[in-house]
Amino acid sequence: MVLETEKKQKKYKVIGTRPIRPDGLDKVTGRARFGADIDLPGMLHGAILRSPHAHAHIVRIDTSKAAALPGVKAVVTNADFPHVPAEELSLGEGAVNLVHLRQNVLAEDKVLYHGHAVAAVAATSAHIATEALRLIDVTYELLEPVLDVRDAMKQGSPILHADLRTRDMGKDGDIPSNIASHLHFELGDADHAFGEADVVIEREFTTRMVHQGYIEPHNATVSWDEDDHLTIWMSTQGAFNVRDQMARLLRLPVHNVRVVPMEIGGGFGGKISVYLPPVGAILSHKTGRPVKLVMNRTEVLEATGPTSGSYIKLKMGATKDGRLIAARGELAYEAGAFPGSPVGAGCMTMLGPYDIANATIDGYDVVVNKPRVAAYRAPGAPISAFACESVVDELAEQLGIDPLQFRLQNASKEGTRQLRGTTFPPIGNVAMIKAALASDHYNAPLEGPNRGRGVANGFWFNAGMQSSLNASVNGDGTVSLIEGNTDIGGTRASIAMQLAETLGIPMEAVRPTVVDTDSVGYNAVTGGSRITFASGWAAYECGMDIRRLMCARAAAIWDLGEDDVEYVDGVIRARKDAAKKFTFAELAGRINSTGAPIIGNASVSPQTVGGAFALHIADVEVDPETGKVQVLRYTAFQDPGTAIHPAYVEGQMQGGASQGIGWALNEEYYYNADGTLANASFLDYRMPTTLDLPMIDAVMVETPNPGHPYGVRGVGEVPIVPPLATIANAVYRATGVRFRDLPISPRRVLKETQGLE
Amino acid sequence: MQAIAYQSAKSIDEAVSVLRQWGERARVLSGGTDLIAQLREGRRHDVEVVLDIKSIPEARELRYSPGQGLYLGAAVPCYRIYEDAAIARAYPALADSAALIGGIQIQSRAAIGGNLCNASPAADAIPSLIALGATCEIAGPNGRRTLPVEQFCIGPGRSALEQNEFLVALRLPSPAAQSGSCFLRFIPRNEMDIAVANAAVALTLNPAKDRITAARVAIGAVAPTPLLVPEAAAALIGAPLTEATLERAAEAARAAARPITDMRGSIAQRRHLARVLTRRAIESAIQRAKES
Ligand SMILES: Cc1cc2nc3c(=O)[nH]c(=O)nc-3n(C[C@H](O)[C@H](O)[C@H](O)COP(=O)(O)OP(=O)(O)OC[C@H]3O[C@@H](n4cnc5c(N)ncnc54)[C@H](O)[C@@H]3O)c2cc1C
């Protein structure tokens, strides 16, 4: 449902409609090609040996027996990679040290988590490759694992990296530590403000590692040619990003690496960093043949993805009349085996929904013996929002103020100063909360025992970054749009729609194609909720480029000055002579007989992302005897700026809510005491099924972003921010117990409500 | 590479002779929904041949008459049970189990016999078979024998089948008038999970429907094997249908549970669930008996 569409419908012709996505038919018929569909002449199949231990020295790797197995063409270890400098490499969402990336792809002298890749084989069949893994003999010297963020921070804890020092305000500490960095943010004077507060609440929270749970496992097929050119077909959110990672890791010029992004079965941030391509590359280099690697689900869960488990301590204070005036927070996020948790984003987004003048927040990025974390939909924000929205809920309750009303009266708005120092541009937070307050859901009575309603707010920055694309005008008036962004959530449609809107032609006249890294200019990742925003902006610029070229062409045909021609609603006409006009298609038909082909080009790096807010309402029922939580009703409110394709915005809102509900209720990495992961399957890693979710109602409350030609804000990430606290707050009202440790699984509910453990 | 041979037996004798020939290296294949997954995960490295019993007439047969009771061939897929109205009415707990193992695809393949022979402590058909008083018909090199189903499982993944024996069928006695049964399991989600605990109850009411005259209670996922709980049955038999009676029986189930803590549940949670599920299954079985 879109609120405030009236105005927009008048303003736009294409934007705000719901056309069928250009890739839709191929996807429902199964014709769409994914990475695992690649099959090349002479192709070998790779397999990866993984560590059964969470923490150990690698004493020796004997690959001789595996190499001798008939059909095996190569066996590789970390020693087969060239050396790389310890430089930071940006991943778009997050960054990684090259040495750590190399050590994650194949362990060097230590394995740091259960499932850490140790060696790889290429063979003539997948079966032989798997069989060969059994013949690789690795001698480990076991070390004590450290599995919890608070344990890892303690003095005397086992150390993962002997060379890791805590980076604190730009300076490195002088003793080895698992704390990779300490961040500190300050706004106003929190200590003083707490003195003025009438109500102060301080609470502790923990969350567990959770996985993005994309349906398609990682895959890569790599062909290293005789002239050192590499082609990689794979599932990735960022083909250019993979290209840059590969060039740096393998010490090749960038133009030697071509990445062909195949269709993608979900990523949510987990398909940005490379896992398989470097391994495939050295296997292909050794054998001179293309090598294909496809992970199974266990590998996906053990060695890719997750986002941080965490510990948070948060204190907030308010005045009697319900004004939030102070916050003091300490956030410790698990980075997994290598530094790089999203704790910074967690700190900076936590208070985003509020106008709160005084805050001090400390963040700690901590390594533990678990898989290296990857970006996951609004990285870091759901965790800190869980803490903040739980405390805010408790403050409202103590003050006797309706929880939504309390959020409204403290809502951030245009001009509110944020913790990171900047002030908000026009944002939709207030309008969205008001819509929620007035909604049917919020005003519907919730009757019956063991039921409760919860609400929570959430903020995410969104990102701009770089986008490039081009479009050729064809003789029949159609347009071929060439872009470089993996289409995860319907972005072929949303980009094409913005080009069509700009050109004043139907969306169906634009055919978008996603191409490889040699075939279009640089594009940053499909991430940060940025594609419809930034690539949409590029489509607008590209459209304006085409409009200029079309006007110039018409001027030449009519022998007029360029300024005498204008472009209005897809018609190119002379300003002063009503008889002189071409429809877009008419002029397109004359392009090649009147001059050079017309191609629009655009490269953009927009910064004015606007910021996104989401507010969720949940009704739950808790079975007091089994502890099981059933979600009865769920409504997600969000400000998308302008919803280009409302159905796909709704899809993002529903998807984010579903993932957040899973995070709240049952998803967790479950570790045995020895550090082995016990639940690396979709059977025991419990994402919600359709039977576990109600229909998620999506309400878009549009406050156009003045920083975008069409008012777009990113929409993909923010809907996962509120659900954790929304569910926890609802469960509190159903049970009378505040759950501050996730997940709120039946086991935990029984423990908290009946003391059963 | 694990190359596995496939053989399909057409008769009980042929099956026994294949088992004799291959011994430990053979595995019986019913629906394959456990076995094939285990083979693919490399958990059964010793297996060299799978012996398909789906072409043996005695293993495919499903027959019910109120006088004779139920003959359930070991390879009969689950859906045939719940789609047969007479069987579903006579053995509601078994129909409950058959309808909740996996989804429709799995139920089209998976057999109750396979569920039993896999001998998982958390198997969803075994408590129902125990509560309903099923008997195993077993064939082997020394001929045929029978065994009460509660004696079949002897440990996680281990059964009382001797070397080269296999399960041909299960027999369930006809329920007496005014009988009802129910199977329940607890899982954190509403689909796709292995039972944290489960329970089955079968009982018979007196003609006045105010007293239980016979009962069997079984619980699963709370011990190395599914358990028959005679103490729970004893608490029900002859007692009036009161709150206290039901609680005593449920408490007996709790007391009988000997669970472990793992990623799927804790000891305390499982004991508690054994009580809750038994209690709820009794209530439902009584209701069904009253309506029968
Ligand atoms: C997606 C999915 C969901 C599932 N959900 C559930 C669930 O909800 N609840 C549940 O309990 N199980 C579940 N299972 C497990 C499985 O489907 C059941 O245990 C099923 O009943 C097994 O029957 P089958 O005929 O497929 O057995 P098979 O796989 O053919 O055999 C199982 C084992 O028993 C042996 N065996 C089979 N028949 C005989 C025989 N006649 N004599 C001797 N040995 C024999 C086999 O050698 C093997 O070791 C699920 C499985 C999958 C894949």
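This is a predicted model: local features need pLDDT of at least 70, side-chain atom pairs count only at pLDDT 80 or more; totals for chains, interfaces and linings use all residues.
Residues are numbered from 1 along each chain as its sequence is written, chains are lettered from A and ligands numbered from 1 in the order in which they are written, and side-chain values use heavy atoms, with hydrogens and water left out.

Q: Why are α4(A) and α8(A) called roughly perpendicular?
A: The axes of helix α4 (residues 98-105) of chain A and helix α8 (residues 239-250) of chain A cross at roughly 90° and come within 11 Å. Angles of 65 to 115 degrees count as roughly perpendicular, and α4(A) and α8(A) are therefore roughly perpendicular to each other.

Q: What makes the contact of α4(A) with α8(A)?
A: Contact means heavy atoms within 4.5 Å. Leu98(A), Leu101(A) and Arg102(A) of α4(A) meet Gln245(A), Arg248(A) and Leu249(A) of α8(A).

Q: Why is strand β11 (residues 171-176) of chain A said to lie largely in the open?
A: Buried means under 20% relative accessible area, exposed over 50%, and partly exposed in between (1.4 Å probe, protein chains only). Of the 6 residues of β11(A), the number buried is 0, so this strand lies largely in the open.

Q: How do you know that strand β10 (residues 165-168) of chain A pairs with β11(A)?
A: Two strands pair if DSSP finds at least two bridges between them. Here 3 bridges join β10(A) to β11(A), and the strands run antiparallel. Asp168(A) has Lys171(A) as its bridge partner. In the hairpin, with 2 residues between the strands, Met169(A) takes a positive phi near 50°.

Q: What makes helix α6 (residues 92-100) of chain B mostly covered?
A: In α6(B), 7 of the 9 residues are buried. Among them are Pro92(B), Leu94(B) and Asp96(B).

Q: Which strands pair with strand β23 (residues 479-483) of chain A, and in which direction does each pair run?
A: Strand β22 (residues 467-473) of chain A is joined to β23(A) by 5 bridges and runs antiparallel; Val473(A) stands opposite Val479(A). Strand β24 (residues 510-514) of chain A is joined to β23(A) by 5 bridges and runs parallel, with Pro512(A) as the bridge partner of Leu481(A).

Q: What makes a right-handed β-α-β unit with β23(A) and β24(A)?
A: The unit consists of β23(A), helix α16 (residues 491-503) of chain A and β24(A). A crossover is right-handed if, with the strands pointing away from the viewer, the path from the first strand over the helix to the second runs clockwise.

Terms used. Axes are lines fitted to C-alpha atoms, for helices over the stretch in contact, and angles run from 0 to 180 degrees between N-to-C directions. Helices (H or I, at least four residues) and strands (E, at least two) are DSSP runs, numbered from the N terminus. Angles under 35 degrees count as roughly parallel, over 145 as roughly antiparallel, 65 to 115 as roughly perpendicular and the rest as oblique.
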